[in-house]
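Please read this briefing alongside the sequence and the structure shown below. The points that follow are grouped by topic.

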Amino acid sequence: MKINLLSLLIIFAVLESCATKIPSTLGDAKNAENYGYTPIDPLPVNVTGIVVPAGSTINQTVLDLLPDETVRLAIGEFQGDAGVSYGPAKIGVKGGRYVVILDYIKFNTKSIPVSIKTEKMPSDSKEQRNAYVNESAKPGDPIVPVYVGIGLRLTANITVLEGKVDLGNLLALGVSAQSKKVLGTLVIQTLGISGESVTGSIPLPSEINQTSVQNAIQSLGAIRASIYSGKTTINPRVVAVYNNLGGGEKTVNSFISQLLMKPISLIEK
């Protein structure tokens, strides 16, 4: 079944972020005090074995393999050399550096068994918890949910210059930037969606302001509308993981490295 216009979802998310119950997702980048949905740069997926039924198209076939849809908001704070720590905070304070990520994804969840090992790293001789894909997993072993699919992503990197700022509302961030309360950049990214019409729909914002945020929302709606077009290329990616491992950003990164070495298969073998 085709989904409603993404633009409506995005507008709903940014205007009513407190009331809609869109998950203010928790991630893990510093010391695993919080767990949850962690957006990552798209990783490749093995798509061999897809059979297109008679009367269908490759796009329709792939999209049918991605039955779930969601809009998620992730808010992270830069912690110096420790990277980004995602958490429940929605208010930015003066001097703070933050990243706000709004994801729309159409996806399937893959359960990947892992093993956790505490190892000394040769770079600094410090112990680190690393996660490895477990090819011989047994019942009860850790399993990491991995989100495989396509989507659209808005990323706002901001520094709060004065006062307090609502990080859970992108339009409010645009207004704050226009009034010089925050400084930052806006990135619009497709996740596994490409094509001539997609390229032409992506604006090139140089800074965050009310106009750039509104243009970004409109462009997402246009790109979403082209997903089922035969001229659009759909290539599923790993777009996020659900961190239930603990151990901090380095543990999650070690798991991501495993997914790069052996891409997940879209089709169950």
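**Strand pairing around strand 7**

Ile101 has Thr155, a residue of strand 9, as its bridge partner. The model from which this pairing is taken is a predicted one, and its secondary structure amounts to 6 helices and 15 strands. Of the 269 residues of the protein, 46% count as buried, and among contacts between residues at least 6 apart in sequence, 77% join residues at least 24 apart. The protein exposes about 13300 Å², of which carbon and sulfur atoms supply 53%.

- Strand 7 (residues 97–120) pairs with strand 4 (residues 68–78) in the antiparallel sense, the two being joined over 10 bridges; within this pairing, Gly76 stands opposite Val99 of strand 7.
- Strand 9 (residues 143–160) is also an antiparallel partner of strand 7, and here the pairing extends over 17 bridges, with Ile101 and Thr155 among the bridge partners.
- Strand 8 (residues 127–133) pairs with strand 7 as well, again in the antiparallel sense, over 7 bridges; in strand 8, Gln128 is the bridge partner of Glu119.
- In a regular strand the side chains alternate between the two faces of the sheet.

**The nonpolar cores**

- The largest nonpolar core has 53 residues, and the members that touch the most others within it are Val146, Val238 and Phe255; strand 9 gives the most to this core, with 9 residues.
- A second, separate core has 7 residues, including Phe107, Leu191, Val239 and Ala240.
- Leaving aside residues up to four places away in sequence, Val238 touches a run from Ile40 through Asp41, Pro42, Leu43 and Pro44 to Val45, then Val146, Tyr147 and Val148, and finally Leu259 and Ile264.
- In soluble globular proteins, nonpolar side chains tend to be buried together.

**The aromatic cluster**

- The structure holds 2 aromatic pairs. In one of them, the rings of Tyr37 and Tyr147 have their centres 5.5 Å apart and their planes at 55°, so this pair is classed as tilted.
- Phe107 and Tyr147 form an edge-to-face pair, with 5.3 Å from centre to centre and 80° between the planes. Since Phe107 belongs to strand 7 and Tyr147 to strand 9, this pair ties together parts that are 40 residues apart in sequence.
- Phe107 has a relative accessible area of 7% and is buried, and Tyr147, at 8%, is likewise buried, the cut-off for this class being under 20%.
- Tyr37, Phe107 and Tyr147 together form one aromatic cluster.

**Charged groups over rings**

- Arg97 lies over the face of Phe78, at 4.4 Å from the ring centre.
- Lys117 lies over the face of Tyr132, and in this case the distance from the ring centre is 5.3 Å.

- Asn130 is a residue of strand 8, and because its relative accessibility is 3%, Asn130 counts as buried.
- Not counting residues up to four places away in sequence, Asn130 touches Ser115, Ile116, Lys117, Glu119 and Met121, together with Ser254.
- The C-alpha atoms of Asn130 and Val252 are separated by 7.8 Å, although the two residues are 122 apart along the chain.
- Gln258 has its place in helix 6 (residues 249–261), and at 15% relative accessibility Gln258 counts as buried, because the limit for that class is under 20%.
- The contacts of Gln258, with residues up to four places away in sequence again left out, are Ala131, Tyr132 and Val133; Tyr132 is also the residue whose ring face lies under Lys117.

Note on methods. Residues are numbered from 1 along each chain as its sequence is written. This is a predicted model: local features need pLDDT of at least 70, side-chain atom pairs count only at pLDDT 80 or more; totals for chains, interfaces and linings use all residues. Side-chain values use heavy atoms; hydrogens and water are left out. Two strands pair if DSSP finds at least two bridges between them. Helices (H or I, at least four residues) and strands (E, at least two) are DSSP runs, numbered from the N terminus. Buried means under 20% relative accessible area, exposed over 50%, partly exposed in between (1.4 Å probe, protein chains only). Contact means heavy atoms within 4.5 Å. A nonpolar core is a set of buried Ala, Val, Leu, Ile, Met, Phe, Trp, Tyr and Cys residues joined through side-chain atoms within 4.5 Å. Rings of Phe, Tyr and Trp (its six-membered ring) pair if their centres lie within 6.5 Å; planes under 30 degrees apart count as stacked, over 60 as edge-to-face and the rest as tilted. A charge sits over a ring if NZ of Lys or CZ of Arg is within 6 Å of the ring centre and within 35 degrees of the ring normal. Accessible areas come from the Shrake-Rupley method with a 1.4 Å probe; for residues, only the protein chains shown count as cover.
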